[in-house]
Amino acid sequence: MTDSPPTSVLLPTVRWTDACDEVASQLGPNDELLVIPDTDADPVATPADRTDRGDDGHLPDNVRIVLAGEPTGCSGKANAIAAGMEAAAHERIVWTDDDFHHPADWLDRLHADYDQQGPTTERPAFVGRDPLGVLLEPAYLIGGTLPVAAGGIVWGGAVIFERGDIDEAAFLADLRRSLSDDGALSEHLEVTAADRTRVVPAGGSVRESLERFVRFLWITRYYAPAATGLNLISAVVLAIACLVAPLLTLAGLTLLSAATYRWVGLHRSTFLLAGPAVLAAPPLLTYALGRRTFVWAGRRYRWSAKHDVDVLAG
């Protein structure tokens with residue numbers, strides 16, 4: 001374990017998952033893990049959630065449950081992070097998620113990154129768990145993982161910074177009226193990407209992956225409108241190229257996808273789906289831009305403007 005300053009790790013979740021155990025085991029004696037559900041009705045807020053996993057029901061040392069409350073005017077994730085930031089005891093902050101594996105050196109490596117280059121984020125690779133998620137996997141790798149690697153974009157699943165690196169009051173004010181915690185922090189924090197990738201299982205059903213696609217597109221629409229325009233143009237141009245010169249275009253897309261997979265260390269044959277993903281992009285983008293609401297983690301949202309988020313019933 002590195003000789004790092006006391007650190008608060010924020011982990012929004014409604015259930016005690018393997019990630020909670022993994023992160024808790026990496027805490028230093030002066031660190032804390034804040035597990036952040038919405039309310040005391042969420043399973044993680046009760047000892048029964050941990051006894052169901054074979055534990056004795058007691059929280060590990062240095063772990064606290066922080067109730068965020070129901071979100072109003074922001075996403076449940078943004079609301080949880082805001083509550084965690086306000087409850088955190090320490091200057092050094094780490095955000096993470098409950099849906100990927102945290103190896104034993106995960107926290108130490110983030111500390112080493114911060115000591116070397118300041119605020120740091122890891123890069124995610126979203127691996128599909130259903131047919132649509134698998135189809136979109138190459139697109140997420142090229143359109144999501146590479147931009148994080150290029151720098152300046154935060155992935156909230158693994159980011160380390162200190163309170164002095166941001167104007168915290170201004171950030172929290174934006175966060176409490178945002179849908180994307182990643183997008184909000186990216187506007188307030190200068191961050192560098194670590195040279196490693198975390199594999200994140202994504203989706204689980206076609207419906208989940210479709211809602212995820214819609215959410216991701218709207219995040220880029222509000223936080224990177226120029227990139228959204230470029231993505232739309234590129235999707236149409238590439239889809240036409242696939243029809244006009246299919247062999248050449250599909251070969252080029254497959255080679256680019258294979259190189260990207262190799263670069264991030266993802267050994268999956270799904271790189272071969274880059275061409276079909278491009279052909280599917282125009283109808284998917286049209287559908288996503290036509291949606292006025294979408295579902296995320298059991299809540300339905302209407303996102304009318306960057307800082308105009310409605311939490312809807314059902």
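Which residues do ring pairs link into a cluster with Trp303? In this predicted model, local features require pLDDT of at least 70 and side-chain atom pairs count only at pLDDT 80 or more, whereas totals for chains, interfaces and linings use all residues. Residues are numbered from 1 along each chain as its sequence is written, and side-chain values use heavy atoms, with hydrogens and water left out.

The cluster joins Trp218, Tyr222, Tyr223 and Trp303 through ring pairs (ring centres of Phe, Tyr or Trp, the last by its six-membered ring, within 6.5 Å; planes under 30 degrees apart are stacked, over 60 edge-to-face and the rest tilted). The structure holds 12 aromatic pairs. In one of them, the rings of Trp95 and Phe161 have centres 5.9 Å apart and planes at 80°, so the pair is edge-to-face. Trp95 belongs to strand β4 (residues 92-96) and Phe161 to strand β6 (residues 158-162), 66 residues apart (strands are DSSP runs of E with at least two residues, helices runs of H or I with at least four, numbered from the N terminus). Both Trp95 and Phe161 are buried (under 20% relative accessible area, with a 1.4 Å probe and protein chains only).

Tyr223 and Trp303 form a tilted pair, 6.4 Å centre to centre with 50° between the planes. Tyr223 lies in helix α8 (residues 206-223) and Trp303 in strand β9 (residues 299-305), so the pair ties together parts 80 residues apart in sequence. Tyr223 and Trp303 are likewise buried.

Arg221 lies over the face of Trp218, at 4.5 Å from the ring centre, and Arg215 over that of Trp296, at 4.1 Å (CZ of Arg or NZ of Lys within 6 Å of the ring centre and within 35 degrees of the ring normal).

How values were computed. Buried means under 20% relative accessible area, exposed over 50%, partly exposed in between (1.4 Å probe, protein chains only).
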